[in-house]
Amino acid sequence: MTENQFHSKMALGCTRLQKDSVVLVIVLACVLCAPCSARYRSARRHEAPLESAAEEQWFIQRLDHFNGAETRVWKQRYFVNDTFYRPGGPVFLMIGGEGPANPAWMQYGTWLLYAQKLGALCLLLEHRFYGKSHPTEDLSTESLRFLSSRQALADLAHFRSVTAETRGLTNNKWVAFGGSYPGSLAAWFRLKYPQLVHASVATSAPVHATVNFPEYLEVVWRSLAAENPECPLVVKKASDTLLARLNDPKTYDNITKDFRLCSKLQIQSKMDSAYLLESLAGNFMDVVQYNEDNRAFEGVVGTNITIKVLCSMMLDSSLGEPYDRYAAVARLMQSTFSQTCINTQYKSYIQDMSNTSWSGPEAGGGRQWVYQTCTEFGFYQSTDSPNQPFSGFPLPYHLQQCAEIYNLSTSLDDAIQQTNEEYGGYDIRTTRIVFPNGSTDPWHALGVTQDITSDLPAVFIKGTAHCANMYPARAGDLPQLSLARDHIFILLQKWLAE
């Protein structure tokens with residue numbers, strides 16, 4: 001993957017109530033860099049490891065929760081922060097997502113403010129097959145059959161039950177939190193294991209699985225247009241120009257130079273051109289998804305590049321024609337992430353993604369997450385809608401990767417139907433889940449943005465991006481973001497009293 005190919009998210013806070021001798025335990029589920037999803041654009045690639053006082057610990061987990069004859073086990077990584085814990089206080093469990101669990105969350109984030117107020121014990125559980133949590137000896141397609149949201153939810157249930165027993169927390173109420181894919185897990189944990197989870201905060205959660213997700217880029221258009229109505233029009237003009245030039249091999253040398261490609265551009269199939277076009281569009285997709293999110297504490301680079309920055313460049317005629325400005329944006333991103341060039345060879349990408357070793361180039365999460373999209377979620381951010389600014393990476397381009405990387409079917413309809421039957425999609429039926437989403441975040445299109453019932457409320461935050469309410473508060477936060485954090489806290493207080 002290029003540095004952009006791996007979208008993502010993160011985590012939030014909680015509250016407590018103590019009623020008689022009943023202690024409340026709060027589970028905080030969090031996608032640390034990720035959905036976030038199908039093209040899994042690289043937020044994580046831009047993170048520098050931060051020093052953390054949290055010491056990694058290990059939990060003996062079952063390999064297959066749904067086969068009683070399977071006795072194999074493995075070690076699942078987790079972290080503990082007992083700095084704020086007071087006897088009788090709640091327990092916060094942050095659930096890791098589609099990438100390494102980042103121990104920086106044991107030192108930073110809104111949830112720690114809640115922990116300090118409530119005397120909470122804080123835990124972070126890494127998702128199976130990500131980071132150092134290796135259930136199998138490799139990442140072969142045969143091994144990846146043990147990677148699914150159902151197995152991850154069962155991991156949570158087993159971890160919660162054993163931890164409650166061993167730490168003397170069996171009478172405690174648990175509340176699940178999560179952002180992006182772990183936001184979905186937080187909601188589904190409450191749905192599937194209501195006896196273990198009292199309530200959930202499911203932030204930026206794409207709860208509806210869909211093979212084709214062209215709405216993602218439609219939101220990108222609207223988010224760019226909110227900054228300046230001309231911005232997405234110029235982006236579209238640039239993208240269309242690039243697409244047209246890809247039909248003329250005489251332009252390849254200039255394209256190679258303009259976008260600082262690592263090797264001379266060669267287009268031998270539609271997959272080659274689609275991969276290049278998607279890689280360059282990813283510069284805009286990532287910035288929109290995380291626009292102005294307070295993520296620097298994670299070690300993320302480039303948080304200063306916002307929609308405002310991109311649109312100002314795309315509207316700057318001194319940089320040349322729209323195509324030239326598009327190339328200037330690509331070079332800005334390369335400079336920001338200290339890259340001398342970008343590898344846009346589809347063949348190289350497939351080779352990296354097909355490596356099944358735990359030391360392989362995509363073992364950090366790329367191979368695993370795309371497998372989950374091929375078998376459970378889809379989420380493919382295609383250019384199939386006319387109401388978006390990019391060109392050239394339609395749905396078949398995404399589906400073909402399932403076949404080339406994992407030798408899986410390119411027909412995902414049954415798998416996606418099964419996921420929505422399992423969890424309910426938009427029509428989730430349970431109680432005590434709040435669904436925060438940001439209007440700028442493209443993932444809100446697959447989330448709950450209107451109240452389902454009074455016990456399944458939505459918190460739609462205008463002008464904020466992916467998982468914004470989970471990140472540490474700062475002076476420049478929009479008033480509605482601060483109010484959303486407070487509102488979630490109030491909802492938890494109410495539910496924990498029930």
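Guide: A helix, in the sense used here, is a DSSP run of H or I that holds at least four residues, and helices are numbered from the N terminus. The model itself is predicted.

Visitor: What makes Asp240 and Lys236 a salt bridge?

Guide: The term requires a side-chain nitrogen of Lys or Arg within 4 Å of a carboxyl oxygen of Asp or Glu. Between the side chains of Asp240 and Lys236 the N to O distance is 3.4 Å, which is within the 4 Å cut-off, so the pair is called a salt bridge.

Visitor: Why are Asp240 and Lys236 called partly exposed?

Guide: That label covers values between the buried limit, under 20%, and the exposed limit, over 50%. Asp240 has a relative accessibility of 31% and Lys236 one of 27%, so each falls in between and counts as partly exposed.

Visitor: How do you know whether Glu142 and Arg145 are buried, partly exposed or exposed?

Guide: Glu142 has 51% relative accessibility, and because exposed means over 50%, Glu142 counts as exposed.

Visitor: What makes the pair of Lys264 and Asp253 a link between distant parts of the chain?

Guide: Lys264 forms a salt bridge with Asp253, the closest N and O atoms being 3.4 Å apart. The two residues are 11 residues apart, with Asp253 in helix α6 (252–258) and Lys264 in the loop between α6 and α7 (270–289). Lys264 is exposed at 55%, while Asp253, at 46%, is partly exposed.

Visitor: How many salt bridges does the structure hold, and which residues are linked in a network of them?

Guide: The structure holds 16 salt bridges, and a network of such bridges links Glu56, Arg77, Glu126 and Lys132.

Visitor: Why is the phi of Phe379 worth a remark?

Guide: Most residues other than glycine have a negative phi. Phe379, which is not a glycine, has a positive phi near 65°. Phe379 is found in strand β9, residues 378–380, and because its relative accessibility of 2% is under 20%, Phe379 counts as buried.

Visitor: Where is Glu292, and what is its phi?

Guide: Glu292 sits in the loop between α7 and α8 (307–314) and has a positive phi of about 60°, although it is not a glycine.

Terms used
Residues numbered from 1 in each chain as written. Predicted model: local features only at pLDDT ≥ 70, side-chain atom pairs only at ≥ 80, totals over all residues. Heavy atoms only, no water. Buried < 20%, exposed > 50% of the residue type's maximum accessible area, 1.4 Å probe, protein only.
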